[in-house]
Every structure is written in C-alpha cells, then in structure tokens.
Amino acid sequence: MKGIASKIAQDPEQLPTDSSESIDGEGKLGNNAYRYYIELSEDREQCPWFFVLGYLSFLIFLVIRFIDLSYGVTYGWSEIVNGTENFGSTHFLGEGHFGKVYRCDFPTSVGAAKIHDHGNQLGDAAEFLAEMRTLQEANHPNVIKLIGKSFGQKKSALVYEFMPNGSLNYHLSAFVSPGLGLQQKTRVLDWKTRMRIAVGVAEALVYLHTGIKTIHRDIKVANVLLDEDFTPKLADFGSAAKFVEIEDGVDPPRRMNPVKGTLGYKAPETEKFGLVSTKSDIYSYGVFLFVLFTGRQAYDLKRPAATVRITDWLRPVWSKEEFIPRVTDPALGNNYSVEGLNSLFQTARMCTDAHASSRPQMVFVKEMVRQAAAFPVPELLPAR
Ligand SMILES: Nc1ncnc2c1ncn2[C@@H]1O[C@H](COP(=O)(O)OP(=O)(O)O)[C@@H](O)[C@H]1O
Ligand SMILES: [Mg+2]
C-alpha cells in the first residue's frame with residue numbers, strides 16, 4: 001500500500017489538481033487526521049531522503065492548515081464496528097462512488113458512518129478531506145451535519161446525523177432500492193413535499209454560494225437526504241471546492257481536474273472542458289428540478305439516443321404548458337398545479353442554459369422556485 005505523502009513525493013507532477021484544491025483553504029481536521037496520514041505511508045523507509053523531506057513538509061502543511069483538536073466527536077474504531085454490527089447488511093444505508101454508508105447505533109444516539117478504505121486511491125483521501133473541511137465549516141438546516149470521525153488501522157469513517165428517510169432517489173425511482181439500514185419505507189412524495197424539497201435544496205445552495213463560498217460540484221437527487229419530516233439536507237461534499245468571487249458574487253470559471261459530477265447533471269462546460277463555477281452547480285440544480293418533478297432519470301440509456309439526457313428529452317415541450325401533464329411524474333396523479341410546474345420548468349430551463357453566464361444566480365433561482373411553489377393545487381382536476 002502506498003501512502004498519500006509518499007505518492008506525492010515519488011511523483012509530485014501526478015498529484016491531481018483537485019486534490020491540492022481539496023486541501024487548500026481554511027478547513028480543519030480532527031486530531032487523528034495526523035495519525036491517519038502517517039499510517040497511510042508504509043513505504044516511506046524505502047524512499048530517498050528528499051522524498052522524506054517532501055513527505056514531512058506535506059505533513060507540516062496539513063498540521064498547520066487543517067487540524068482542529070476540538071471539532072466533533074472522535075469515536076473509537078470499535079464503536080463504529082459495534083454500532084454497525086461489523087458493517088452488517090442490516091445496517092447498510094447506501095453507496096456512492098466514494099464508499100459505503102452504514103447506520104451506526106451508538107448507546108444513546110444514531111449516526112450514519114461513511115467508510116473510507118485507506119487502500120483506495122489518492123483522490124479518495126482528497127474527497128475525505130474536502131468533505132470534512134466543508135462540513136466543519138457549514139451550519140445550515142438544509143446541509144447535513146457532521147457529528148464526528150473515527151480512524152482505524154485500515155479504514156476511517158465520517159459520522160453524520162442519521163437521515164431516517166434516506167436518499168431522495170429512493171422515493172423517486174422504483175429502480176433504486178433503499179439499503180436495509182433505513183428504518184422508514186419509501187413513499188410517493190406529493191406536490192407540497194416536492195416543492196418543499198426544491199426550496200430547501202435551493203436554500204442550501206444559496207448558503208454555499210453566498211455564505212461559505214463553496215461549490216458543491218455534485219448536485220443530484222441521490223445526494224439529497226431526507227429527515228423524519230422529509231426536510232431535505234444536502235450531502236456528499238467530497239467534491240466541494242472553495243471559490244473566490246471577483247465582484248457582485250461572480251466567480252470566474254476555473255479548470256479543475258479530475259472532472260467531478262454525474263452524467264446528465266454535469267454542465268456542458270464542465271463535461272467538455274472541466275470548467276467549474278457556481279454556475280455549474282446551478283446547471284445541476286436545474287436538472288435536479290426536472291428529475292424531481294418528472295420522476296425520470298437525468299441520464300437514461302433506455303431512452304432514444306437523442307433524448308438520453310433529460311434536458312434533451314424535455315426540450316421540445318418545456319415551454320408549452322399544454323404538454324406539462326405528459327411529462328409530469330405520473331405518481332403525482334392530478335394533484336399538482338400546471339401553472340406552478342410551468343413556472344418551475346421555466347426556472348429550470350434558465351438554470352440549464354448552455355451558456356454559463358446566462359444562468360441566473362442562486363438567490364434569484366430560489367425566489368423563482370418559491371413563487372412556483374405558491375401556486376395553489378386545484379381541488380379537482382379532470383382526469384388525464
Ligand atoms: N446521513 C445519512 N443518513 C442516511 N443515509 C445516508 C446518509 N449519508 C449517506 N447516506 C446514504 O448513502 C448514500 C451515499 O452517500 P454519499 O454521502 O452520497 O456518499 P458518496 O460520496 O459515496 O456518494 C446516499 O445516497 C444515501 O443513500
Ligand atoms: Mg453521493
């Protein structure tokens with residue numbers, strides 16, 4: 001197993017840009033993060049002295065920039081193993097590209113532990129740092145809370161507040177089965193709940209973009225979690241990056257490699273050139289709105305080639321109110337406002353403009369979504 005530090009020392013040119021960005025900024029790490037990085041570097045004794053020097057300066061950099069001895073709870077690794085019944089299937093909550101997440105039953109509380117395997121790629125460790133740094137700084141009702149962390153010999157865990165209704169994805173798509181660790185059944189989300197989720201995620205993004213100057217980089221339904229009241233919490237900050245605005249809240253697009261994000265949600269400038277800005281988050285949010293109210297996948301190879309992307313699928317109809325009922329999630333039945341949805345689709349259409357500079361900023365998007373949510377749902381619509 002090669003450690004992060006030795007990897008960097010052996011091949012400094014190979015360090016992905018993204019990794020260095022992830023360890024930049026004012027973030028902090030827990031007290032065991034230092035040990036975590038030392039444990040990763042098992043081959044350091046075979047390195048020539050100048051590699052060791054590189055390794056040491058990297059460690060000092062980490063110590064200075066990130067360590068916060070007081071942040072959150074530091075769980076013993078045995079608490080994570082016991083709380084998840086040794087990562088048993090009955091505790092499994094979900095999995096993204098980073099790692100598996102398990103419900104963790106502590107003696108007096110419940111958490112959700114995302115497990116990071118030390119043997120994984122350098123990029124994974126960078127995601128671990130990015131997530132920890134952003135969530136230590138963030139404080140918003142629509143952003144998931146990081147409770148603590150744990151560092152074992154071969155694995156580490158980030159522990160979040162547990163979301164009993166799991167990922168929004170589970171409630172929208174019949175093709176995605178929730179993990180056994182969830183305690184609630186999935187249910188069809190009604191118009192009001194979907195609108196509340198749309199507004200909540202918009203609030204989270206306004207906070208990220210204007211409050212803590214952070215770009216999420218992977219907005220999608222699978223990264224929105226639901227608490228017991230179906231209040232949405234934005235999660236998965238492994239790709240998050242800080243930005244610097246120039247004026248009036250405008251941040252210049254910058255190239256970030258490797259390209260992060262999810263097919264169908266990724267802005268065209270990100271997909272083609274690796275360019276990232278708050279406007280690329282706004283594009284993904286527009287796709288998120290389309291998925292939330294149509295119940296369709298953002299990228300679906302089962303659709304004809306020209307309509308694999310949800311934006312292409314909707315383009316012919318998204319400004320024609322009379323077609324709205326044809327694309328609305330059938331699970332909503334007749335219980336929605338055609339005017340409200342039309343207004344919401346216009347907002348999503350602006351968010352997914354091919355030109356990043358033409359997309360509205362998140363504060364305006366949030367207001368438009370609020371206005372769409374205010375349309376009353378007619379008592380009785382004629383059956384479709
Ligand atoms: N706090 C939580 N409570 C309940 N389920 C969670 C929680 N965090 C994550 N999950 C589940 O695990 C999945 C993967 O989590 P995520 O943070 O997106 O990890 P990744 O970085 O691997 O994509 C989510 O889609 C969700 O189903
Ligand atoms: Mg995820």
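Me: What makes up the shell around ligand 1, in terms of domains?

Reply: That shell takes at least three residues from domain 1 (12-162) and at least three from domain 2 (189-373), with bounds from an automatic or database domain assignment. Keep in mind that this is a predicted model, where local features need pLDDT of at least 70 and side-chain atom pairs count only at pLDDT 80 or more, while totals for chains, interfaces and linings use all residues. As for labels, residues are numbered from 1 along each chain as its sequence is written, and chains are lettered from A and ligands numbered from 1 in the order in which they are written.

Me: Which of the residues around ligand 1 come nearest?

Reply: Gly94, Gly96, Phe98, Ala112 and Asp236, out of 23 residues around the ligand. To be near, a residue needs its C-beta atom, placed from the backbone, within 6 Å of the molecule. Strand S2 (92-95), strand S4 (110-117) and strand S6 (155-161) are the elements that each give two or more residues to the shell. S2 gives the most, with three.

Me: What is the shell around ligand 1 like by class?

Reply: It has 11 nonpolar, eight polar and four charged residues. Ala, Val, Leu, Ile, Met, Phe, Trp, Tyr, Cys and Pro count as nonpolar, Asp, Glu, Lys and Arg as charged, and the others, Gly among them, as polar.

Me: What is Asn142 in contact with, leaving aside its neighbours within four places in sequence?

Reply: Gly200, Val201, Glu203, Ala204, Pro232, Lys233 and Leu234. In contact means C-beta atoms within 7 Å, again placed from the backbone. Asn142 and Leu226, 84 residues apart in sequence, have their C-alpha atoms 9.6 Å apart.

Me: And Ser358, is that one buried or exposed, and what makes you say so?

Reply: Ser358 has 9 other C-beta atoms within 10 Å, so it is exposed. The residue lies in the loop between H13 and H14. Its C-alpha is 9.0 Å from that of Lys279, 79 residues away along the chain.

Me: How do you know how the span of helix H13 compares with what is expected?

Reply: The expected span is 1.5 Å times one less than the number of residues. H13 (residues 338-351) has 14 residues and reaches 20 Å from first C-alpha to last, close to the expected 20 Å. H8, with 21 residues, reaches 29 Å, close to the expected 30 Å.

Me: Where on H13 are its buried residues, and how do you know?

Reply: They are Gly340, Leu341, Leu344, Phe345, Thr347, Ala348 and Cys351. They cover an arc of only 160° around the axis, so they are on the same side of H13; the arc is that of the directions from the helix axis to the C-beta atoms. Helix H10 (278-294), helix H12 (324-327) and helix H14 (362-373) are what they pack against.

Me: What is phi like at Lys213?

Reply: Phi of Lys213 is near 50°, a positive value in a residue other than glycine. Lys213 is in the loop between helix H8 (191-211) and strand S7 (214-215). Its 17 other C-beta atoms within 10 Å make it partly exposed.

Me: What makes the peptide bond from Asn257 to Pro258 cis or trans?

Reply: Omega is near 0°, and the bond is cis. Pro258 is in the loop between strand S11 (254-255) and helix H9 (268-273).

Conventions. Helix = DSSP H or I, 4+ residues; strand = E, 2+ residues; numbered from the N terminus. Buried ≥ 20, exposed ≤ 12 C-beta atoms within 10 Å, placed from the backbone. Contact = placed C-beta atoms within 7 Å.
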